[in-house]
Amino acid sequence: MILACSHIDKAFLEEPILKDVSFHIEEQERVAIVGINGAGKTTLLRIIAGELSADAGEVIRSKDMTLGYLPQQQGYYSENSIYEELLAVKSDVIEMDKQIRRLEEQMQRKEGRELSVLLEKYNRLQTSFESGEGYTYKSKVWGVIHGLGFGEEAANQCINQLSGGQKTRVALGKLLLLEPDLLLLDEPTNHLDLDSVRWLENYLLNYRGSVLVVSHDRYFMDRVARKVVEIEQGRAITFSGNYSSYARKKEVLRESLLRQYNNQQQEIRHQEAVIEKLKSFNREKSIRRAESREKMLSKIERMEKPLEENASIRFTLTPSHPSGRDVLSVSGYGKSFGDNHLFEQVSFDVKRGEKIAVIGKNGTGKTTLLKMICGMEPADAGSCATGTGVEIGYYDQEHNVLHEEKTILDEIHDDYPDMSHTDIRNMLAAFLFIGDDVFKPIALLSGGEKGRVALAKLMLSRANFLLLDEPTNHLDIASKEILEDAINHYTGTVLYVSHDRYFINRTATRILDLTGRKLLSYSGNYSYYLEKKETVEKIYLAPEEGSGKDKTETAAKLNWQEQKQQQANRRKLETRYAQVEQDIERLESEIAAIDNELSRPEYASDAEMLLELSGKREEKEAALTLSLEIWEQLAQQLENEN
C-alpha cells in the first residue's frame, strides 16, 4: 500500500463536503475519482496533496513516498521556454554529465594513485548516469513535449506568454518527467486534443508509479483506471474495474439501495402507525408498549435516500418543423489567418437526421469551421448553402451568445418575451437554476453554469440543425449522459465539435476528421474511426504529405524533378482509384452470389451453413463500406488536383 485515506471529514461553512471517506491505493495502481460537480473530488485531492487539512481523519503515506499534484488551474510564471522548463527537471542528470566530462579532462593529466581514485569516482558516476536515463533524458523530454501537443517551434516559447491551458500542459509534462511515486491529476485531459489524450493514456498505462485521477472523461477512465472511487453525498464507495464496469455495478447497487431505503421507510411508517394506535388506547400497558417501540425506532440507523439517476439536467430538444433532406452543402472551403493556413478545399454534405462529430488536433480550425457555417466568420474560399426549411441553432463553447450584464432570467426573457416568468422559472429549474439563482448575473456564473444557460436557450430555439462547439465542457458525467440521450432522441440534425470520445461514441453517426488541412469522412462512431483511421489516412493523405504550402505557390516553385514526382503521385492516385473501383464491383458481385446461396431451399434448415454464409456476407459488406469511403475520398482528391 502506497497511500490510505482513513475516515476523512471536511466541511466548509458548516456544510459537510466529505464524510468518513476511506480508501487506499496500492503500488502501481491506477485509481479514478468520480462524482457530480461539487461532490468534493478536488477537495479530496487537495487534502491528499497537503494543501488542505481535514477536519477529521488522516492521510497515511508509505515511507519515503514522493507525490506530484496537478491542479486544474495553474498560477504558473517562468521566464524559461517550454523546453528549458522541462529539461530542468533532469538537472541532476545534467549535472552528472558535466561532472563526468570534468573527470575525463582531469584523468588525462593524472597518473598512479590519483588516476585510480579519479577512475573509481568516474565509474560510480557513469553507473549512476546510465541508471538515471543519462543517455535518453533528452529524447524523453522531447517525447513529452511532442506528446502533449507542442511542436519544435512551440517548445521555444516563453512560459509567461502561454495561455492557461498551455501552462497546465507544461505543468503536466514536468510532473510526468519527475516520475513521483504517486501522481495526483485533477482533470488532466481538459486542455489536450485527442492525439495528446491517447498519448497520455499510453504513458500512464506504462507509468512505474501509482496514479490517482479526477476526471469526467469516461473513455480516458475506461482505458487507464483499474479502480474507481465514487464520492456521493459526501461518502466514498470503491469499485474494482474501469469506468464502464463501475457504471454497471453502480446501477445494480443504486437499485438495491433504493429497495432497501423504500423497505426501511415502509417499516418506519408501519411502526409509527402501530405506536399511534397503541397510544390511542390510552391504557398504561399500551402506552408502555408504544414507548418501547419508540425507543426501538429511535435506534434505527436511517438510510439517506439514494440520488435519483441522472438528477442533474432533464430536457428534450424538439425542432419546430422538419428540414428538407439536404441540410447543408459545403464546397471548397478554405481559411487562413495570416501565415496560419487552417484548411483548404474542404467539401462535405449533411443530410437530415445525421449526428456528425468534427474532430482534430487543437488549432486545426474546428471551431472556425462551425463559425463559418453560421456566418460568424468569413470564408477565404468556397461556399456553403443550407437546404429547404433549415433553421440553425448554435452553441458556442465561449458562450458569446450570452450577455454578461444580464441576469439568467432576463437572458431568457429578452429572447423569448412571450414566455411567462413562471414558465421561464420552471424551465430553468430543469437546468438546476432554482429560487434566487435565476437572478444571478451571467458575468458571475462559472463555466458550467454558463453552459447550462446556453443549452437552455438552445432548447427553446426549437432549431432543426444544431451546431454545437464542445457541448460537454464543464458538464459532469450525469449531465453528459442526459445530453447524449437528448441528442440521440433528437429528430433534427446535429454537427458538433468535441474532444469527448465517449460522448462521440454514443452519439455520432459520422465523423469528420480535420487533419492535414483536409476533412476525412468516416461513416460510423469513434470506435469505427479508430479502426479505419490508419488505412484511410495512408490512402488519402500520403500523396500530399509534406507539401505544407498553397498549391499555387508550390506549383510555381517546383523544379523539374519535383514536377516529375508530382506527376508520378498523380498516376499512382489514378491507379489506386481504378483498383478501388474494381474492388467495389468484385465485392458487389460476391455479395450477390452469397445472397443467391442463402436463398437456396436446401440451406433453409442448415444452421451451420447459414451462419457461415452470413459471416462471409458481413465481411464482404464491411469491406465494401470501406472501399466506397476510400473511392469517394480518392474521387474528391482527384477532383481537387484538376
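Before I turn to the structure, one definition: the expected span of a helix is 1.5 Å times one less than its number of residues, and helices (H or I, at least four residues) and strands (E, at least two) are DSSP runs, numbered from the N terminus. What you see above is a predicted model, in which local features need pLDDT of at least 70 and side-chain atom pairs count only at pLDDT 80 or more, while totals for chains, interfaces and linings use all residues. Residues are numbered from 1 along each chain as its sequence is written, and side-chain values use heavy atoms, with hydrogens and water left out.

Let me begin with helix 7. This helix covers residues 194-205, twelve residues in all, and from its first C-alpha to its last it reaches 17 Å, close to the 16 Å expected at 1.5 Å a residue. At its N-terminal end it is capped by D193, which has a side-chain oxygen 3.3 Å from the backbone nitrogen of D195; a polar contact here is a pair of N or O atoms within 3.5 Å, where within protein one must be able to donate a hydrogen and the other to accept it, and residues adjacent in sequence count only if both atoms are side-chain atoms. The buried residues of helix 7 are L194, S196, V197, R198, L200, E201, Y203 and L204, with buried meaning under 20% relative accessible area, exposed over 50%, and partly exposed in between (1.4 Å probe, protein chains only).

Just after helix 5, G149 takes a positive phi of about 90 degrees.

Now the whole protein, for orientation. It contains 20 helices and 18 strands, and its C-alpha trace spans about 115 × 90 × 70 Å along the principal axes. Of its 642 residues, 45% count as buried, and the protein exposes about 33,200 Å², of which carbon and sulfur atoms supply 47%; these areas come from the Shrake-Rupley method with a 1.4 Å probe, and for residues only the protein chains shown count as cover. Among contacts with a separation of 6 or more, 69% are between residues 24 or more positions apart.

Next, the sheets. Strands of a sheet pair through backbone hydrogen bonds, either parallel or antiparallel. Three strands form an open sheet in the order 2-1-4 with antiparallel pairing, where two strands pair if DSSP finds at least two bridges between them. Its edge strands, each pairing on one side only, are strand 2 (15-25) and strand 4 (56-61), and neighbouring strands are turned by 20 degrees against each other on average, direction ignored. Strand 1, residues 3-12, pairs with strand 4 over five bridges, and D9 has A56 as its bridge partner in strand 4.

Another open sheet of three strands has the order 11-10-13, again with antiparallel pairing. Its edge strands are strand 11 and strand 13, and the twist averages 15 degrees from one strand to the next. Helix 11 (residues 366-374) packs on this sheet, touching strand 10, strand 11 and strand 13, and its direction makes about 125 degrees with that of strand 10; axes here are lines fitted to C-alpha atoms, for helices over the stretch in contact, and angles run from 0 to 180 degrees between N-to-C directions. Strand 10 (residues 326-337) is joined to strand 11 (residues 340-351) by eight bridges, and D326 has K351 as its partner. In the hairpin of these strands, with two residues between them, G338 takes a positive phi near 65 degrees. Five bridges join strand 10 to strand 13 (residues 381-386), with G334 partnered by A381 and S331 standing opposite S383.

I will finish with two residues. Not counting residues up to four places away in sequence, T472 touches K480, L483, S498, D500 and F503.

Definitions and conventions: Contact = heavy atoms within 4.5 Å.
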